[in-house]
Each structure stands twice: as structure tokens, then as C-alpha cells.
Amino acid sequence: MKAFRRLLDGTFLPAPRGSISNAVKQASRELYLLDGQISFDRALLYANILSSMTPAQKAYLGDMKGNGWNSWPDISNYQIRDRMAGLPQGRPWR
């Protein structure tokens with residue numbers, strides 16, 4: 001990204017052949033690793049949430065499945081705000 005930005009700014013210094021390609025490959029590798037870690041963490045979080053649910057909670061969600069969102073219970077913004085009031089916002093889950 002820095003190399004492309006420097007190219008746009010006109011501050012790009014010629015580099016040995018292939019070094020930009022290698023830098024792009026390395027940056028892509030890091031992004032794929034990060035994406036994989038995010039996906040793994042999300043799956044782990046969902047599994048932990050599901051395993052912590054009571055049978056009644058699972059049944060409640062099961063009743064919502066396959067019927068479309070119009071069949072879901074009508075919950076007000078106040079109810080959502082009240083339930084989220086004690087939850088951490090923007091912090092890592094670990």
C-alpha cells in the first residue's frame with residue numbers, strides 16, 4: 001500500500017525488480033491470515049453462544065426459523081437498549 005501511495009504522490013523510489021511484487025504478496029498473505037483468524041474467532045464465539053443457551057432459548061430461536069422475519073416478535077428499541085446497556089461495546093471478547 002505504501003508503494004502504491006508513493007507512486008501516486010510521486011515520491012516513489014525505484015526498487016529492485018520483484019520487490020514490489022514480493023511486498024504485495026506478503027501484504028496479501030497477512031490479510032488472508034487476519035481474515036482467517038477473524039472467521040475462526042467468529043465461529044468460536046457463535047459456538048460458545050450456542051452452547052451456553054438453555055433449551056428454552058434454543059426452542060425460542062427454533063420457532064423463528066423458516067417463517068421469515070415478519071413472524072419474529074416485535075421488540076422495541078427501548079427493549080434492545082435496555083438489554084445492551086450492560087454489554088461491553090467495542091472491546092475484544094477475549
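Helices here are DSSP runs of H or I with at least four residues, and strands are runs of E with at least two.

**View 1. Overall fold of the predicted model.** The protein has four helices and zero strands. From the N terminus on, the order of elements is α-α-α-α.

**View 2. Confidence along the predicted chain.** The mean pLDDT of the protein is 82. A score of at least 70 is reached by 87% of the residues. Among the elements, helix α2 (residues 19-52) has the highest mean pLDDT, 90. Helix α1 (residues 2-9) has the lowest, 75. Where pLDDT is low, the predicted coordinates should not be read in detail.

**View 3. Burial and accessible surface.** The protein has 94 residues, and 2% of them count as buried. Its accessible surface comes to about 9100 Å². Carbon and sulfur atoms hold 61% of that surface.

**View 4. A nonpolar patch on the surface.** Six side chains are labelled by name: Y60, L61, I75, I80, M84 and L87. Together these residues have about 520 Å² of accessible area. Two elements, α3 (55-64) and α4 (77-84), each give two or more residues to the nonpolar patch.

**View 5. Close-up of L87, a member of the nonpolar patch.** L87 lies in the segment after α4. Is L87 buried, partly exposed or exposed? Its relative accessible area is 43%. Buried means under 20% and exposed means over 50%. L87 therefore counts as partly exposed, because 43% falls in between.

Notes. Residues are numbered from 1 along each chain as its sequence is written. This is a predicted model: local features need pLDDT of at least 70, side-chain atom pairs count only at pLDDT 80 or more; totals for chains, interfaces and linings use all residues. Side-chain values use heavy atoms; hydrogens and water are left out. pLDDT is the predictor's confidence in each residue, from 0 to 100. Buried means under 20% relative accessible area, exposed over 50%, partly exposed in between (1.4 Å probe, protein chains only). Accessible areas come from the Shrake-Rupley method with a 1.4 Å probe; for residues, only the protein chains shown count as cover. Patches are made of residues with over 30% relative accessible area and no salt bridge: like charges are joined within 9 Å, nonpolar side chains (Val, Leu, Ile, Met, Phe, Trp, Tyr) within 5 Å. A salt bridge is a side-chain nitrogen of Lys or Arg within 4 Å of a carboxyl oxygen of Asp or Glu.
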